[in-house]
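Here is my note on the model you sent over. Please read it with the structure open beside you.

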Amino acid sequence: MKNRLFQHTGQLVLFLLKRDRFVIPIWIMGILFFTYSVAAVFPDLYQTAEERQSIAATMNNPAIIAMVGPGYGLDNYTPGAMMAHQMLLFTAIAAAIMSILLVTRHLRADEEEGRIELIRSFPVGRLANISASFIVLTFVNVALALIIGFGLAVMKIESMDLEGSLLYGAAIGAGGFIFTGLTAIFNQLTQNARSALGLSFSALGGFYLLRALGDIDQSGLSWFSPFGYVTGTKVYVENDWLPIFAAAGIGLFFAAAAFYLQSIRDLDTGFLPAGKGREKANKTLLSPIGLTFRLQRTGFICWTAGMFILGISYGAVLGDLESFFQDVDLMKNMLVPVEGYTLTEQFLPMLLSVMAMMGTIPVLMSVLKLAGEEKKGRAENIYSLAISRNRYLWSHIFLALISALFMLLAMAIGLWFAAAAVMEEPFQLSTIFRGAFAFLPALLLMISISVLLVGISAKYGALTWIYLLYSFIVVYLGNLLQFPDWMSKLSPYGYIPQIPVESMDYPAAIMMTIIAALIMVTGTFFYNKRDISG
Amino acid sequence: MAVVETRNLTKKFGTFSALSGVDLSVDKGEVYGFIGPNGAGKSTTIRILLGLLKASSGDAAIFGMDAWRDAVEIHKRLAYVPGDVNLWPNLTGGEVIDLFLKLRGSEKNSKRDEMIERFQLDPTKKCRTYSKGNRQKVALVSAFSAQADLYILDEPTSGLDPLMEKVFQECVMDVKEAGGSVILSSHILSEVEKLCDRVGIIREGTMIETGTLKELRHLTRTSLLVETAEKMGDLEMLKGVHGSEWKGNIVQFQADSEEIGSIMEYVSRFGVIRIESAPPTLEDLFMRHYETQPSQPRGK
């Protein structure tokens with residue numbers, strides 16, 4: 001009886017591996033590539049012990065601790081300690097994300113799509129699919145741990161020995177393993193894959209924050225977060241294996257709970273009530289702009305929060321910037337000192353431009369949503385009603401404008417917030433605001449270009465991304481790679497003044513705004529003339 | 001005056017002619033069946049009527065207004081159900097119905113709940129969980145809740161079960177009684193036969209036949225099975241007899257509708273024991289067109 005629950009698990013394992021034959025290698029290779037490239041760069045970036053010590057001095061501020069975990073081995077900040085401290089947590093998060101996606105794909109998504117029903121109509125055990133999924137995921141996480149572990153060891157970098165490297169890999173695998181079990185539980189609770197993913201990613205975010213709090217106040221709160229076990233290993237310094245065994249135990253406990261829940265429930269059910277949706281629409285939905293906002297609401301909120309956090313994390317490094325620049329040769333190439341300004345002040349415009357370009361992504365997404373709706377055949381719903389092309393198009397443009405303001409605002413506040421906490425003489429809020437909002441004309445131009453492209457054809461909208469990528473390369477890396485000046489002048493971001501080192505260039509801003517308006521009108525003209533595909 | 005009128009409607013996609021010179025007219029209170037194989041140009045015609053596509057040449061008018069230029073004004077009195085209903089996965093069916101009603105401009109929707117009831121739709125579910133049939137129901141409920149003067153229905157029942165198809169047919173009849181006009185593009189020929197006053201057949205971008213079902217009957221063949229006491233002579237000699245198959249004294253064949261009188265006269269001489277006939281269907285009519293008019297290569 002018992003073993004019939006697991007009938008044909010082995011065959012399903014092979015089947016799942018076959019289905020995932022591209023996805024799994026891509027994830028493993030991606031995480032591996034990320035780890036290797038950082039490991040390879042670190043020794044060159046900080047060549048001497050003095051350089052590393054100057055970085056170590058910057059690692060004890062609360063913002064850094066909140067982001068990457070408590071520093072350890074700072075007295076002798078070896079490349080290994082540096083790598084483990086700054087990279088291990090993020091890599092473990094990547095493994096957790098991989099596990100969340102793969103588990104949900106094989107548990108709830110397959111069930112929702114009716115594939116489990118088909119499988120279960122064969123002489124296959126009731127717990128065979130969940131067992132097979134766990135076996136595959138365990139295999140993937142163990143493989144990831146071993147490949148990274150041995151891979152780092154053979155690079156023969158000073159201070160990164162075999163034991164430490166294996167522990168480094170194991171900590172990453174442990175992160176993936178715990179989230180495999182946790183996600184499997186969430187997959188039992190909800191009735192659809194989307195909600196299961198939502199719960200899992202919320203848990204991921206929640207546990208990251210819990211660890212951040214625990215690491216800052218050192219109350220032991222971090223041990224209630226899986227990520228506390230990842231950073232608790234103190235790889236390459238103390239090499240503590242105990243957290244790995246604890247994490248494995250926690251993962252197994254979660255797995256057992258998921259197995260139990262799976263064994264007592266019917267197919268296609270969940271333990272959380274599905275919750276009925278609205279029977280009638282809220283009044284705020286019933287307009288083109290209301291619909292457009294509703295469809296983008298989640299993304300809008302996430303991006304605003306993301307820009308705020310980005311602002312905080314960049315702001316967190318401002319306090320120790322001066323010593324950092326003096327000690328690290330590579331960084332000196334990025335900035336040409338200007339008389340009368342601190343290096344931090346000179347660095348601010350570069351931070352702002354990078355963030356402004358990041359913030360352009362959700363803004364462009366707002367416009368390109370119109371093209372996406374058309375490609376998915378949903379624009380036709382709207383245009384078969386009494387809604388004009390102008391009205392629907394400008395709903396998207398309007399939201400993009402609002403989004404631009406919010407993104408710049410969120411990043412400026414985040415940056416100011418962190419800068420005020422870590423700098424001895426913090427920037428004025430107004431300085432950061434002027435610097436951030438100086439980028440508004442550039443964002444307007446990007447919006448107008450996407451409007452023009454979508455206006456010509458839904459297919460062309462995505463070309464705007466190439467232009468943004470170009471801007472990023474020439475503006476961010478332009479100084480470092482010594483590109484000629486005209487290359488950055490082909491990007492709207494190349495015309496933005498370097499506040500506070502330069503003063504605001506109002507004529508240029510007004511000119512850019514006028515050009516953006518003209519391009520938008522032209523795009524609108526084309527959009528009104530063309531066929532709507534569907 | 002015609003509710004819908006197109007004259008010499010032509011649409012080119014690059015060098016490919018999707019429509020060449022389509023003339024079509026629908027009168028007030030008329031249910032117009034629009035039939036043709038996939039890719040014949042039904043949806044292209046409908047999308048021009050909706051102002052989604054711009055005609056390369058020719059005119060398309062609805063309520064006497066230009067289908068492209070006056071689209072917004074026209075759509076206040078028009079309801080459309082696409083064949084492939086694409087909805088927003090994270091909105092509920094009820095939200096989408098309300099949205100459609102509101103964006104068409106109709107404030108009062110007294111028929112909304114009645115229609116949801118008739119089509120047995122659960123409006124509290126998210127659209128991502130709806131089957132194709134349920135998505136179609138959302139579009140049908142929002143269309144028939146509206147007091148429109150023209151309904152454009154593009155293969156609206158392809159995902160519905162027979163019970164729901166019947167509800168749909170009742171709704172179309174209600175519209176007709178209330179004086180509304182309907183363009184019904186369909187593959188389900190029994191549905192067209194049951195509902196439509198006039199039928200237009202489109203093929204490779206050209207209207208090849210228009211008329212009432214009665215007028216089109218001359219194109220159809222009746223399928224006959226006859227058993228006679230004496231063996232008949234060579235039936236194929238007669239005008240209008242096709243594909244005869246013998247089994248002893250039983251013969252099965254197709255007869256052109258306009259020749260049926262003379263065929264019967266001949267057959268009756270041999271002492272008819274049994275006679276079975278199947279009425280002409282649009283399907284036959286459809287097939288016949290393919291036999292008689294070889295397809296011309298289009299485009300270029």
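1. Start with the sheet in chain B. Six strands form an open sheet with mixed pairing, in the order β6-β7-β8-β3-β9-β10. Two strands pair if DSSP finds at least two bridges between them. Helices (H or I, at least four residues) and strands (E, at least two) are DSSP runs, numbered from the N terminus. β6 (78–81) and β10 (206–212) of chain B are the edge strands, each with a single partner, so one side of each has no neighbour in the sheet. From one strand to the next, the twist averages 15°.

2. A word on how to read the numbers. This is a predicted model: local features need pLDDT of at least 70, side-chain atom pairs count only at pLDDT 80 or more, and totals for chains, interfaces and linings use all residues. Residues are numbered from 1 along each chain as its sequence is written, chains are lettered from A and ligands numbered from 1 in the order in which they are written, and side-chain values use heavy atoms, with hydrogens and water left out.

3. Look inside the sheet. Strands β3 (residues 31–35) and β9 (residues 198–203) of chain B run parallel and are joined by 4 bridges. B:I35 faces B:I201 in β9(B). Helix α6 (residues 162–177) of chain B packs on the sheet and touches β3, β7 and β8 (181–185) of chain B. The direction of α6 makes about 145° with that of β8(B). Helix α5 (residues 132–145) of chain B lies across β6 and β7 (150–154) of chain B, at about 165° to β6(B). Axes are lines fitted to C-alpha atoms, for helices over the stretch in contact, and angles run from 0 to 180 degrees between N-to-C directions.

4. β11 (residues 221–228) and β13 (residues 250–256) of chain B are antiparallel, with 7 bridges. There, B:L224 has B:F253 as its bridge partner. β12 (residues 241–247) of chain B also runs antiparallel to β13(B), with 5 bridges. B:W246 is partnered by B:V251. The hairpin of β12(B) and β13(B) has 2 residues between the strands, and B:G248 takes a positive phi near 65° there.

5. Now the interface. How many residues does each chain give to the contact? Chain A gives 36 residues and chain B gives 36 residues; contact means heavy atoms within 4.5 Å. The two chains bury about 3,200 Å² between them, 56% of it on carbon and sulfur atoms. Buried area is the accessible area (1.4 Å probe) that two parts lose on being put together, summed over both.

6. Check the charged pairs. The interface of chain A and chain B has 4 salt bridges, meaning a side-chain nitrogen of Lys or Arg within 4 Å of a carboxyl oxygen of Asp or Glu. A:R294 and B:E95 form a salt bridge at 3.1 Å, N to O. On the side of chain A that touches chain B, the elements giving two or more residues are α12 (288–316), α16 (379–383) and α23 (506–529) of chain A. B:K11 and A:D531 form a salt bridge at 2.6 Å, N to O. B:K11 lies in β1 (residues 4–13) of chain B and A:D531 in the segment after α23 of chain A, so this pair joins two chains.

7. Two backbone details in chain A deserve a look. A cis peptide bond links A:I499 and A:P500, with omega about 10°. A:P500 sits in the loop between α22 (485–488) and α23 of chain A. A:H8 is not a glycine, yet its phi is positive, near 65°. A:H8 is in the segment before α1 (9–19) of chain A.
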